[in-house]
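Biologist: Please show me the model. I would like to know what each term rests on.

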Amino acid sequence: MPGADGPYPLPSDAEEAARLETQYLLLKFCFDGQFTFAPVNLVDGDKVLDCGCGSGVSLHAFTRLRLKGLWTLDLARSFASSTGVSFTGIDINPSMFPTDIPPSVSFDVHSVLSLPSSWTSRFTLINQRFLIGGLTVFQWPVALRELYRVLKPGGWVQLMESSMGCEPEEDGVERTRAERLICALLTKRGCLVSDRFATIESMLSDAGFRDIRVVEKVYSDVQWTAEQREANRALFLSVMRGIEPAVLREGLESEEGYEQLMHETQRDKNLGMTGGIGKVIVFCAQKLDV
Ligand SMILES: C[S@@+](CC[C@H](N)C(=O)[O-])C[C@H]1O[C@@H](n2cnc3c(N)ncnc32)[C@H](O)[C@@H]1O
């Protein structure tokens, strides 16, 4: 089970920041350039929160051009003419926060499990993406209640999660050994795995949200270019390297076994199409305008 620092198994360093940025751009392509799914129309005075925002990019790659890869900054750019909208990114780990940021954007260390009390009814839009490895099954309802609290009445939350290849093995589709290991790690750390994703919908409802909308995309159905397939491969291999210490700590594999698995995964011909992402699911939901 997770320690006091939570179940999150990936590192927070320059390589991970670069991976998150590439992943962001691939996911944006996957959804035809769309990155905001909630039906909000931001106006001056509105505040936006990116929860578990994670990444900047590696410092040596820190140019304005590359910064556009971050959700908070991407959204801030699309509202560049509207100076009255402000954007806050929060994460439990500040290591990947960018420093070269526009004045309307700020980053702060907080856990989604305990947001500042002064933030009640503050945000018009909240984005939270890929916290599946960061929250246990029991922490999800706490997190969703916090998100509900800090939303303005009428505000929207959007959650994007990936099944990480943890779909039930049906229709003769077998999971790879790497995918099975990721599922085992998530399960051991008490996290949600994909066959329990449906519970996010009911947890949103229990937290008070209404008008819950779900969009799904199968990652391998996307027409990836050769370059994107290569990026997908590299992303998954980087995830596999990133979770290695957690897998060894949990006793799910030996060091030699892990190296063997890495070689096997490198040879996996489908990796460029799946990128280890599986199904991408977006949940949007509204706090009632009371
Ligand atoms: C897979 S990364 C995703 C980062 C970013 N949302 C993205 O999609 O590029 C997950 C992030 O969640 C953060 N995290 C884990 N547990 C958290 C918590 N309880 N509250 C806030 N952030 C958390 C991790 O530190 C990490 O930066």
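**Strands, cut-offs and neighbours**

Modeller: In strand E7, Cys-284 is the bridge partner of Arg-213. The model is predicted: local features need pLDDT of at least 70, side-chain atom pairs count only at pLDDT 80 or more, and totals for chains, interfaces and linings use all residues. Residues are numbered from 1 along each chain as its sequence is written.

Biologist: How do you know that strand E6 and E7 pair?

Modeller: Two strands pair if DSSP finds at least two bridges between them. E6 (residues 210-218) and E7 have 7 bridges and run in the antiparallel sense, so they meet that cut-off. Strand E5 (residues 151-162) is also joined to E7 by 7 bridges, again antiparallel.

Biologist: What makes a stretch a helix or a strand?

Modeller: Both are DSSP runs, numbered from the N terminus: a helix is H or I with at least four residues, and a strand is E with at least two. The chain has 9 helices and 7 strands.

Biologist: Why does Leu-204 count as buried?

Modeller: A residue is buried if 20 or more other C-beta atoms lie within 10 Å of its own, exposed if 12 or fewer, and partly exposed in between, with C-beta atoms placed from the backbone. Leu-204 has 25 C-beta neighbours inside 10 Å, so it counts as buried. Leu-204 is in helix H6 (residues 198-206). By the same rule, 6 of the 8 residues of E7 (residues 279-286) are buried, and 41% of the 290 residues of the chain are buried.

Biologist: What does Leu-204 touch?

Modeller: Leu-204 touches Leu-144, Phe-209, Ile-212, Phe-283 and Ala-285, leaving out residues up to four places away in sequence. Contact here means that the two C-beta atoms, placed from the backbone, lie within 7 Å. In the chain, 83% of contacts between residues at least 6 apart in sequence join residues at least 24 apart.

Biologist: What makes Gly-84 count as exposed?

Modeller: Gly-84 has 12 C-beta neighbours inside 10 Å, and 12 or fewer means exposed, so the value sits at the limit of that class. Gly-84 is in the loop between helix H3 (71-78) and strand E2 (86-91). Its C-alpha is 4.1 Å from that of Asp-44, 40 residues apart in sequence, and Gly-84 touches Asp-44 and Gly-45.

Biologist: How do you know that Asp-32 is exposed?

Modeller: Asp-32 has 8 other C-beta atoms within 10 Å, so it is exposed. Asp-32 lies in the loop between helix H1 (14-30) and strand E1 (47-51), and has a positive phi of about 50° although it is not a glycine. Ser-121 also has a positive phi, about 55°, and is not a glycine. Ser-121 is exposed because 11 other C-beta atoms lie within 10 Å.

Biologist: What span is expected for H1?

Modeller: The expected span is 1.5 Å times one less than the number of residues. H1 has 17 residues and reaches 24 Å from its first C-alpha to its last, close to the 24 Å expected. Buried residues in H1 include Leu-20, Tyr-24 and Leu-27.

Biologist: What makes a set of residues a nonpolar core?

Modeller: The members are buried Ala, Val, Leu, Ile, Met, Phe, Trp, Tyr and Cys residues joined through C-beta atoms within 7 Å. The largest nonpolar core has 67 residues, and Ile-126, Leu-147, Val-157 and Ile-182 touch the most other members. Leu-147 touches Cys-51, Val-112, Ile-126 and Val-157, not counting residues up to four places away in sequence. In soluble globular proteins, nonpolar side chains tend to be buried together.
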